[in-house]
Amino acid sequence: MADKRDYYEVLGVERDATADQIKRAFRKKAVKLHPDHNDASDANEQFAELNEAYSVLSDDQKRAMYDRYGTVDGMPGGSGYVDFSDIFGGMGVDDIFSSIFGGGAAGGSSPRDRARRRAGRDMAISLSISLEEAATGCKKTISYDRLAPCEDCAGSGMGEGGQEKTCPRCNGTGYVTTVQRSIFGQMQSSSPCPDCGGEGTVVDTPCSHCGGEGRVRTHERLDVEVPAGVATGRQLRLHGYGEAGYRGAASGDLIVTIQVDAHERFERHGDDLVCDVHVGIAEAALGCVVEVEGILPDEKFELEVPAGTQYGSALTVDGHGMPRLGGGGSRGRFVARVVVDVPARLSAEAREALERYAEAAGEHAAGTAKKRTMGDRIRDAIDDILD
Ligand SMILES: [Zn+2]
Ligand SMILES: [Zn+2]
């Protein structure tokens with residue numbers, strides 16, 4: 001199954017098109033692409049694609065979801081059928097095409113029947129991984145429920161000796177028209193035939209395992225290769241692992257959306273990894289080299305902190321950030337956010353040294369040697385021993 005085209009592209013409208021523009025675009029294209037009047041070999045697919053695009057973009061909720069995630073699967077209803085009666089003002093699809101083109105009565109094996117062969121829908125699932133797993137790439141097993149092709153009948157829906165025949169209820173059109181009385185008068189509406197599910201054909205001896213659908217509900221386990229460097233929101237498309245098609249029609253895809261969990265130490269900014277690095281006041285003032293642990297297993301490297309580094313300054317090391325997706329081993333930057341730890345408690349020795357420093361630097365620190373009492377000194381000496 002080929003990649004799905006963008007729904008806006010299918011309808012030929014801009015992304016900010018109004019509901020009205022979308023409806024007009026659909027109407028125009030539906031007339032042009034209808035399989036009864038379109039000789040292209042893939043006329044059925046073109047028409048089905050158009051219907052699907054319209055069914056999503058004409059529904060505010062589905063459109064919003066599509067804009068956000070690029071798919072509507074997982075949403076109740078998914079990308080389903082277009083209610084033609086809504087677009088063409090109460091007329092069913094056959095009515096509208098016969099009124100435009102004259103005639104066009106539905107026969108049991110017209111191309112339109114095949115157009116309704118329902119391809120399986122795409123399905124969506126989300127997969128959470130750790131930042132470490134995103135950095136190295138990983139293999140994950142996902143399990144999910146889907147309609148898979150029936151193994152007993154190889155997806156045909158037919159039991160032994162069974163065959164397809166025209167649905168007697170809808171006469172092969174796939175639609176049934178109902179007339180209702182309401183305060184507005186008679187309302188005529190068209191809906192997919194409940195007997196054949198809009199297919200136009202039924203199976204005379206259906207497969208006993210799948211009841212003629214050609215697909216059965218199964219619990220699947222599937223290994224997914226997650227490439228190194230993925231970020232949250234990245235989608236992996238697994239062809240053919242979505243919902244199986246009706247009676248052997250193509251299966252949809254499974255779309256796996258990656259969610260990378262927050263990390264306790266690293267913040268990710270694109271391919272850069274930002275991380276707090278702690279140094280002492282003397283280390284910040286005099287400069288030092290800190291050994292840092294990276295995101296890859298056992299990755300260690302040195303970070304040079306130059307003399308006079310200020311609290312909050314950023315120091316970068318190239319090539320120690322996140323691996324770039326498809327980047328052949330190239331990586332982003334490691335960005336250290338320097339945190340200067342001011343000691344909360346000083347040993348007697350350190351205090352004296354710092355007091356000497358204060359005097360030399362002309363800082364007027366409180367609690368200089370002269371003002372400290374004997375009690376303070378004893379307390380410090382005890383602290384030292386306890387340390
Ligand atoms: Zn029917
Ligand atoms: Zn079957």
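Visitor: Let's start with T309: buried or exposed?

Guide: T309 counts as buried, because its relative accessibility is 10%. Buried means under 20% relative accessible area, exposed means over 50%, and partly exposed is in between, using a 1.4 Å probe and protein chains only.

Visitor: And what kind of model is this?

Guide: This is a predicted model, in which local features need pLDDT of at least 70 and side-chain atom pairs count only at pLDDT 80 or more, while totals for chains, interfaces and linings use all residues. Residues are numbered from 1 along each chain as its sequence is written, chains are lettered from A and ligands numbered from 1 in the order in which they are written, and side-chain values use heavy atoms, leaving out hydrogens and water.

Visitor: Back to T309, then. Where does it lie?

Guide: You'll find T309 in the loop between β13 (300-305) and β14 (314-323). Helices (H or I, at least four residues) and strands (E, at least two) are DSSP runs, numbered from the N terminus.

Visitor: What is T309 in contact with?

Guide: Setting aside neighbours within four places in sequence, T309 is in contact with A284, V338 and V340. Contact here means heavy atoms within 4.5 Å. There is also A285, 24 residues away from T309 in sequence, with 6.4 Å between the two C-alpha atoms.

Visitor: Let's zoom out. How many helices and strands are there in the protein?

Guide: The protein has 11 helices and 15 strands. Of its 387 residues, 39% are buried. If you take contacts between residues at least 6 apart in sequence, 65% of them join residues at least 24 apart.

Visitor: Now the metals! Which residues are the protein donors of the zinc ion (ligand 2)?

Guide: C150, C153, C207 and C210 are its protein donors, each through SG, and they lie 2.3 Å from the zinc ion (ligand 2). Donors are N, O and S atoms within 2.8 Å of the metal (3.2 Å for Na, K and Ca), and sites may look incomplete since water is not among the atoms.

Visitor: Why is that arrangement tetrahedral?

Guide: Because the four donor atoms around the zinc ion (ligand 2) subtend angles of 104 to 115°. Four donors count as tetrahedral if all angles lie between 85 and 135 degrees; four count as square planar and six as octahedral if opposite donors are over 155 degrees apart and all others between 65 and 115; anything else is irregular.

Visitor: What spacing do those donors follow along the chain?

Guide: For the zinc ion (ligand 2) it is C-x2-C-x53-C-x2-C. C153 sits in the loop between β2 (138-149) and β3 (164-166), and C210 in the loop between β6 (201-203) and β7 (215-226), so this pair ties together parts 57 residues apart in sequence. C153 and C210 are both buried.

Visitor: What about C150: buried or exposed?

Guide: C150 counts as buried, at 1% relative accessibility. Its place is in the loop between β2 and β3. Beyond residues up to four places away in sequence, C150 touches several others, including C207, H209 and C210. V216 is 66 residues from C150 along the chain, with 5.5 Å between their C-alpha atoms.

Visitor: Which residues coordinate the zinc ion (ligand 1)?

Guide: That one is coordinated by the SG atoms of C167, C170, C193 and C196, at 2.2 to 2.3 Å. The site of the zinc ion (ligand 1) is tetrahedral, with angles of 102 to 115° among the four donor atoms. Along the chain, the donors of this zinc ion (ligand 1) follow C-x2-C-x22-C-x2-C. C170 lies in the loop between β3 and β4 (175-182) and C193 in the loop between β5 (185-192) and β6, so the pair ties together parts 23 residues apart in sequence.

Visitor: Where is N171 found?

Guide: N171 is in the loop between β3 and β4. N171 is not a glycine, yet has a positive phi of about 65°. With 55% relative accessibility, N171 counts as exposed.

Visitor: Last one: which residues of α3 and α4 meet?

Guide: S55, V56 and L57 in α3 meet K62, R63 and Y66 in α4.
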